[in-house]
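Welcome! Take a moment to look over the sequence and turn the model around before reading on.

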Amino acid sequence: MPELANLGFDYNRMVFSVADGEVAPEVWDVMLYLGLASTNPTLQQEFYQAVVQGDDAKKARIHQQNMSQTFYNLLAHVSEVLEEIADCQEVMDQGGMGLAHKNLPTIRRHNEFVRQVFIKVQRNLQQM
């Protein structure tokens, strides 16, 4: 979807802060855009045009009007990722990935790092 790239969907920009779990603006934009696809395609296109035309006031208004749905979608995504990490950990603990695999310690450290960041994001969202 070229629209997503114009909204900032780039793996280098679709991030959460490691330090405090802050959500990057591009994440909010993409979550809103994707959420509007199923609820209000007309508003989705208005939002897209506001972004590409640099109409920050209109973009902010649409964000404000749809914040609860965007928030819910992002929180659901974060929760799903945390569940996937827990499932992966369970498989590793049961030996499903081969406990002797040389990369297993690195995979565990990576998953724990990601889990900690997503927990920070989840806490921030739950406090909003």
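**Around Thr70**
- Thr70 sits in helix H5.
- Leaving aside neighbours within four places in sequence, Thr70 is in contact with Trp28, Met31 and Leu32.

**Overall build**
- The protein has 6 helices and 0 strands, so from the N terminus on you can follow the elements as α-α-α-α-α-α.
- Of its 128 residues, 34% count as buried.
- Among contacts with a separation of 6 or more, 58% join residues 24 or more positions apart.
- The accessible surface comes to about 8,000 Å², and carbon and sulfur atoms make up 53% of that.

**The nonpolar cores**
- Which residues touch the most other members of the largest nonpolar core? Out of its 18 residues, they are Phe16, Val23, Val27, Leu74, Val78, Phe118 and Leu125.
- Helix H2 (25-39), helix H5 (67-93) and helix H6 (104-126) each supply at least two residues of this core.
- A second, separate core has 8 residues, including Leu32, Tyr33, Tyr48 and Ile62.
- Not counting residues up to four places away in sequence, Phe118 touches Phe16, His77, Val78, Val81 and Leu82.

**How confident is the prediction?**
- The mean pLDDT is 87, with 86% of residues reaching 70 or more.
- Confidence is highest in helix H4 (residues 56-65), at a mean of 96, and lowest in helix H1 (residues 2-7), at 67.
- Where pLDDT is low, the predicted coordinates should not be read in detail.

Key. Residues numbered from 1 in each chain as written. Predicted model: local features only at pLDDT ≥ 70, side-chain atom pairs only at ≥ 80, totals over all residues. Heavy atoms only, no water. pLDDT = per-residue confidence, 0-100. Helix = DSSP H or I, 4+ residues; strand = E, 2+ residues; numbered from the N terminus. Core = buried A, V, L, I, M, F, W, Y, C linked by side-chain atoms within 4.5 Å. Buried < 20%, exposed > 50% of the residue type's maximum accessible area, 1.4 Å probe, protein only. Contact = heavy atoms within 4.5 Å. Areas by Shrake-Rupley, 256 points an atom, 1.4 Å probe, with all protein chains shown as cover.
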